[in-house]
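The following paragraphs lead the reader through one protein chain, from its overall form to a single residue. Please keep the sequence and the model in view while reading.

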Amino acid sequence: HIFYDFMRRNTYIEQTNLNLNLCDKSQKRVLISYVPIPNFDFNKITHAQSTHINQIIYAFIKRGFCIDVCYVNDIMQYNRTCKKYDIIFGFGDVYKQACNDNKKSFKIAFITENHPDVVTGKYKERKEYFKRRHPHINITSSIMRSGFYDAEQFKFSDAGILMTSAFNALNFKEFGERLFLVHANSIFNNEYEFIRENVRKSIAPHRKSFLWFGSSGLIHKGLDIVIDTFREIPGLTLDVYGMDPKEYSLFDKIKAPNTFNRKRINVMSNAFIEEVVMKHNFVIMDSCSEGMSTAIATCMSHGIIPIVSKECGFDVTPCIIQLDDNSVEGVKNAIMHTLELSEEEILNMRQECYEYARKNFSLTNFNHEFCEQLDKILIHYNNENA
């Protein structure tokens, strides 16, 4: 998890007593086990999570709570807090410890990934599929996307707010009717505006250029499958952005002549618009398990059409191409389908992606949905404490 590693290196202390009202002795307290963001520079956003963390804190402030915020797995931070809470919110080791220390508190799991049991099983399948195709390549450098969630957290939670699709939500049977869905928010480059004629002119020159835009977890996110697919279609190219440097060596072992490591790029830069948005019509992610991929949501927010697995966490909509089969053959079939689309069809899909994402993946929409779902949960909390 690049984001959490980055935030921890740049966050030195927990946040405590936010919104404290010294004149209200009965003020309710909440612990947020996520990532503290003291003195965060919102002019230098590198991940969509930093903004929705802020809105989560703000939501509890607006509802009158006194708030402590700790890094998900830093028990030392937690030990410096008051440790007595009416509501525990979040996930990770701190969430589990706080829930254990506050047996009577109301516990709300915040879930940004797929169910950990599903993640483990799906990743095992992907490793086996990789070994069948590349039996002599060592995959120890491949990163598994796990470590912050386990099924135990869900069993003792009173409710859950889940950032994913209705399809992935079926995996969370522990919550029953107390599971509430929200959309992820993406990063918007405010310098970009979808202008039909400009996009139309960019389509034809880049019909054969495809995009992979992600982060750590080369095998988990199916980049190996996509690379092997492009090896079978030498007339096309794949530009890979955002790969974890720890996985460069594995990429080099399996790369095809038409697959290129473009390393990382700042979404807020002009280079992102020029090199990524205006030079690619389609972004591919064949992940085995996600919450709701913010990388794909960010691409959609700039009018790039996704080709994704069901497990990427997006609900079915006409502007998203969903893979029927997560194999090399399945990805190849989807890619060949895009080559049959007319320029006008691609243009219309790109505009639909842009409009859909700007509506559903905005921070404003996340804030609205989160507050709406939080209020539903607090009704349960208030009823139980009446």
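**From the whole chain to one residue**

The secondary structure of the chain comes to 15 helices and 13 strands; helices (H or I, at least four residues) and strands (E, at least two) are DSSP runs, numbered from the N terminus. The radius of gyration, taken over C-alpha atoms, is compared here with a globule rule of 2.2 Å times the number of residues to the power 0.38. For 386 residues that rule gives 21 Å, and the chain has a value close to it, 22 Å, so it is as compact as a globular protein of that length. The model is a predicted one, in which local features need pLDDT of at least 70 and side-chain atom pairs count only at pLDDT 80 or more, whereas totals for chains, interfaces and linings use all residues. Residues are numbered from 1 along each chain as its sequence is written, and side-chain values use heavy atoms, with hydrogens and water left out.

Along its principal axes, the C-alpha trace spans about 70 × 50 × 40 Å. Of the 386 residues, 58% are buried, a term that means under 20% relative accessible area, with exposed meaning over 50% and partly exposed in between (1.4 Å probe, protein chains only). Where residues at least 6 apart in sequence are in contact, 72% of these contacts join residues at least 24 apart; contact means heavy atoms within 4.5 Å.

Within the chain, 7 strands form an open sheet in the order 1-3-2-4-5-6-7, with mixed pairing; two strands pair if DSSP finds at least two bridges between them. At the edges are strand 1 (15–18) and strand 7 (179–182), each of which pairs on one side only. From one strand to the next, the twist averages 15 degrees, where angles run from 0 to 180 degrees between N-to-C directions and axes are lines fitted to C-alpha atoms, for helices over the stretch in contact. Strand 6 (residues 159–163) runs parallel to strand 7 and is joined to it by 4 bridges. Ile-161 has Phe-180 in strand 7 as its bridge partner.

Helices pack on this sheet. Helix 15 (residues 363–384) touches strand 4, strand 5, strand 6 and strand 7, and its direction makes about 165 degrees with that of strand 7. Helix 2 (residues 49–62) lies across several strands, including strand 2 (29–34), to which it runs at about 170 degrees.

Finally, consider Thr-338, which lies in helix 13 (residues 328–339). Is this residue buried or exposed? Thr-338 counts as buried because its relative accessibility is 1%. Beyond its neighbours within four places in sequence, Thr-338 is in contact with Arg-207, Phe-210, Phe-282, Ile-307, Ile-321 and Ile-346.
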